[in-house]
Amino acid sequence: MGEFLQAALITFFGLFILVPILSALVRSFGMYTIVEEGRCHVYVLFGKVIAILDEPGLYFLWARLGPRGIIVNWMGRCHVLDMRLDQQYLRSQGVNSEEGAPMGIGIWYEMYISEPVSYLFKNTDPQGSLAANVSNTTVRCLSNMPLAEMLETRHKMSQVVRQEVSPKSHEWGYRLGSVYIRKVHFRDRGMIQQIEEKVVNRLRQVTSAIKQDGANQVSIITSTAERQAAVEFARAQAMRPLIVGSALQKISGDPEVARAMFEILENQRLVDGQAQITLVPGKSELLTQMLASDTFPELPATAQPQPVPAGHRHG
């Protein structure tokens with residue numbers, strides 16, 4: 001058990017302490033160096049660039065630099081540059097439209113190191129210079145554009161900015177990648193409120209027009225339906241006399257049928273009416289005269305009236 005613990009301690013000490021120390025010591029003497037993916041090593045000795053390692057891998061400096069590889073890390077300097085693509089966003093760059101409206105443009109762009117030596121020694125702040133160049137180009141190239149074109153043609157404006165900036169930025173070893181106008185907005189708060197009020201009023205007008213048009217359509221449909229119904233009702237009322245007249249003409253062709261029908265109709269009218277019927281016995285002329293003069297007291301209604309011969313019925 002003690003031997004196993006001792007071996008474990010020796011292994012831990014050798015792997016995690018001795019090996020890193022030995023590796024750092026060997027690298028300090030320039031025996032080898034490791035270039036990672038997306039990195040670039042620039043070696044400078046006595047103010048002169050002696051090597052540029054921009055491909056990932058393992059490099060033996062003694063074989064590549066000769067005797068200078070031993071002292072470059074002690075008397076020179078190694079610049080490690082990040083060659084990967086970087087991104088930046090400039091918010092609300094102030095421009096004026098052709099109509100004089102104060103506008104803000106947000107521009108997003110990509111950038112990367114194209115020439116390590118120029119990036120290190122030709123400009124002390126390449127990123128800040130590129131941002132200032134993009135900002136100035138945006139203001140210079142996109143000012144005095146028509147407002148409608150500024151709000152609609154962002155792709156075209158992006159191309160204009162990229163074509164103007166790219167040649168200048170490449171002189172500093174910092175190349176501009178894609179450029180995109182991401183946002184175009186109004187900067188004046190009062191103008192924004194006026195536009196909002198106009199939009200709201202326009203929406204109200206459109207809503208009122210839609211409602212009025214709907215009401216007009218309903219009125220047209222209703223009036224058309226009423227007109228068609230009135231025409232059909234008038235046609236039906238005009239057909240009724242024709243049908244009745246045709247039926248009466250057929251009935252009047254037979255006198256007995258016509259007489260029976262009119263008698264039935266007369267009796268039906270008497271039954272449906274609200275008049276009081278008094279039944280008088282036959283051959284009672286005095287009673288008839290008294291009833292006609294309204295001097296005879298009212299007789300009680302008969303429960304079951306008896307038929308009265310024709311010529312003695314009075315209403």
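Which residues does Ser97 touch, not counting residues up to four places away in sequence? Hold that thought while we place Ser97 in the chain. This is a predicted model. Ser97 lies in the loop between strand E6 (86-96) and strand E7 (102-113). Its contacts are Met103, Asn144, Met145, Leu147 and Met150. Ser97 has 3% relative accessibility, so it counts as buried.

Now step back to the whole chain. The protein chain has 315 residues, and 23% of them count as buried. Its secondary structure comes to ten helices and eight strands. The chain exposes about 22,700 Å². Carbon and sulfur atoms supply 58% of that area. Next, look at the contacts between residues at least 6 apart in sequence. Of these, 65% join residues at least 24 apart.

Follow the chain to helix H5. This helix covers residues 126-142, which makes 17 residues. From its first C-alpha to its last it reaches 24 Å, close to the 24 Å expected at 1.5 Å a residue. Several of its residues are buried, including Pro126, Leu130, Val134, Thr138 and Leu142. An α-helix has 3.6 residues a turn, so residues three or four places apart point the same way. Check the buried residues of H5 with that rule in mind. Ala131, Asn133, Ser135 and Thr137 are also among them. After H5 comes Asn144, whose phi is positive, near 65°. Asn144 is also one of the residues that Ser97 touches.

Strand E2 leads us to a sheet. Strands of a sheet pair through backbone hydrogen bonds, either parallel or antiparallel. This open sheet has three strands in the order E3-E2-E5, with antiparallel pairing. The edge strands are E3 (48-53) and E5 (77-82), and each pairs on one side only. From one strand to the next, the twist averages 25°. Five bridges join E2 to E3. In one of these pairings, Tyr43 has Ala51 of E3 as its bridge partner. Helix H3 (residues 68-75) packs on the sheet. H3 touches E2, E3 and E5, and its direction makes about 95° with that of E2.

Two residues in this part of the tour deserve a stop. Phe46 is found in the loop between E2 and E3. Phe46 is not a glycine, yet its phi is positive, about 55°. Is Phe46 buried or exposed? Its relative accessible area is 62%, so Phe46 is exposed. Ser92 sits in strand E6. Ser92 also has a positive phi, near 50°, in a residue other than glycine. With a relative accessible area of 30%, Ser92 is partly exposed.

Key: Residues numbered from 1 in each chain as written. Predicted model: local features only at pLDDT ≥ 70, side-chain atom pairs only at ≥ 80, totals over all residues. Heavy atoms only, no water. Helix = DSSP H or I, 4+ residues; strand = E, 2+ residues; numbered from the N terminus. Expected span 1.5 Å × (residues − 1). Buried < 20%, exposed > 50% of the residue type's maximum accessible area, 1.4 Å probe, protein only. Contact = heavy atoms within 4.5 Å. Areas by Shrake-Rupley, 256 points an atom, 1.4 Å probe, with all protein chains shown as cover. Pairing = 2+ DSSP bridges. Axes fitted to C-alpha atoms, helices over the stretch in contact; angles between N-to-C directions.
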